[in-house]
Amino acid sequence: MTLRQPFMLAGMSIPPATDQAQGPAIHVQGLEKAYKELRVLRGVDFEVARGSIFALLGSNGAGKTTVVKILSTLLKADAGAARVNGFDVVTEAAGVRESISLTGQFAAVDGILSGRENLVLIARLWHLKDPGGIADELLRRFALTEAGNRKVATYSGGMRRRLDIAMSLVGNPPVIFLDEPTAGLDPQARAEVWQAVKELAQGGTTVLLTTQYLDEAEQFADRIAILHEGRIIVNGTLAELKQLLPPAKVEYVEKQPSLEDVFFAVVGHAGEDDKE
Ligand SMILES: Nc1ncnc2c1ncn2[C@@H]1O[C@H](COP(=O)(O)OP(=O)(O)OP(=O)(O)O)[C@@H](O)[C@H]1O
Ligand SMILES: [Mg+2]
């Protein structure tokens, strides 16, 4: 299943930036969600500033995808409120859908088509002018120009992922959600995706990404939040998170705590809570 939704079919009319232009790109307050007995989200609060990269970090099953689904209107929360690009995810869901793109963990590209054809197809669905020009520009941005006319079936995992992200940018959504953008990629391919995401934010797009890779968040997120047992237990810049630990020890060389150290210090090691 792909998480990318055909939201682009709804048309191009992103409402004029009035209220939408002010305030954070994403505002989440008191979000709760249970699947039957399982209380996955128990009051999640956070904000994401416009044009920034926000990493939502958490272990398997922490509820990261659940948050992303609620923010992209695929799932209703039991309680709490969320706004994306100024629109309420429940009462103004259409506005939210026109403001976002969502890229799930598995690349949603069509292997029989070429990379360029995939992009042209999406641009046509959006009824954009000059689909070919848009495709070429995105291929260039994601370093896929040379591979553009090859069938996607021949692409490496990293190339597919980059194309997937490129496809989510057709139509220039102001907010993009990347659910585990580099899951399963090798280090080289991950670095390529990171570069692409950095460029996105430099262009003013707001990026919310989820990841289990701590180094990924450490690489480029402006803010990092850790979701644990249904709540955001830490939210700050990397520097702020590192301050949660005692000062670095000086032995022969100064050893800075990694984000991984911070993560395990605040979350505890897996299974620790169950041992009481
Ligand atoms: N539709 C559903 N019905 C029942 N339980 C669900 C459903 N979707 C998710 N869950 C459960 O809710 C919890 C949170 O799931 P979610 O997919 O949000 O976690 P995640 O942080 O994205 O995990 P991962 O890192 O593995 O992707 C998990 O325990 C999962 O099994
Ligand atoms: Mg997930």
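Helices (H or I, at least four residues) and strands (E, at least two) are DSSP runs, numbered from the N terminus. I noted that this is a predicted model, where local features need pLDDT of at least 70, side-chain atom pairs count only at pLDDT 80 or more, and totals for chains, interfaces and linings use all residues. Residues are numbered from 1 along each chain as its sequence is written, while chains are lettered from A and ligands numbered from 1 in the order in which they are written.

**Entry 1: the sheet of 6 strands**

I looked up the strand order and found E6-E7-E8-E3-E9-E10, in an open sheet with mixed pairing. Two strands pair if DSSP finds at least two bridges between them. Strand E6 (100–103) and strand E10 (231–236) each have a single partner strand, so one side of each has no neighbour in the sheet. From one strand to the next the twist averages 15°; for such angles, axes are lines fitted to C-alpha atoms, for helices over the stretch in contact, and angles run from 0 to 180 degrees between N-to-C directions.

I then checked strand E9 (residues 223–228), which pairs with E10 in the antiparallel sense over 5 bridges. Ala225 is the residue opposite Asn235 in E10. Helix H9 (residues 259–267) packs on this sheet and touches E3, E9 and E10, with its direction at about 35° to that of E9. Helix H6 (residues 187–202) lies across strand E3 (53–57), strand E7 (175–179) and strand E8 (206–211), and runs at about 150° to E8.

**Entry 2: the sheet of 4 strands**

The other order I noted is E2-E1-E4-E5, an open sheet with antiparallel pairing. Its edge strands are E2 and strand E5 (87–88), each pairing on one side only. Strand E4 (residues 79–84) pairs with E5 over 2 bridges, and Arg83 stands opposite Asp88 in E5. H1 lies across strand E1 (26–35), E2 and E4, at about 120° to E1.

**Entry 3: ligand 1**

Which element gives the largest share of the shell around ligand 1? I found that H1 does, with 3 residues. The elements that give two or more residues are strand E2 (38–48) and helix H1 (64–71). The residues around ligand 1 include Tyr35, Leu38, Lys64 and Gln212; a residue counts as near if its C-beta atom, placed from the backbone, lies within 6 Å of the molecule.

**Entry 4: helix H3 and its partners**

Helix H3 (residues 115–125) packs with helix H5 (residues 157–169) at an angle of about 20°, their axes 9 Å apart. That makes H3 roughly parallel to H5; angles under 35 degrees count as roughly parallel, over 145 as roughly antiparallel, 65 to 115 as roughly perpendicular and the rest as oblique. The contact is made by Gly115, Asn118, Leu119 and Ile122 of H3 with Leu163, Ala166 and Met167 of H5.

H3 also packs with helix H4 (residues 131–141), at about 130° and with axes 8 Å apart. H3 and H4 are therefore oblique to each other. Among the residues meeting here are Leu119 and Val120 in H3 and Ile134 and Leu138 in H4.

Methods. Contact = placed C-beta atoms within 7 Å.
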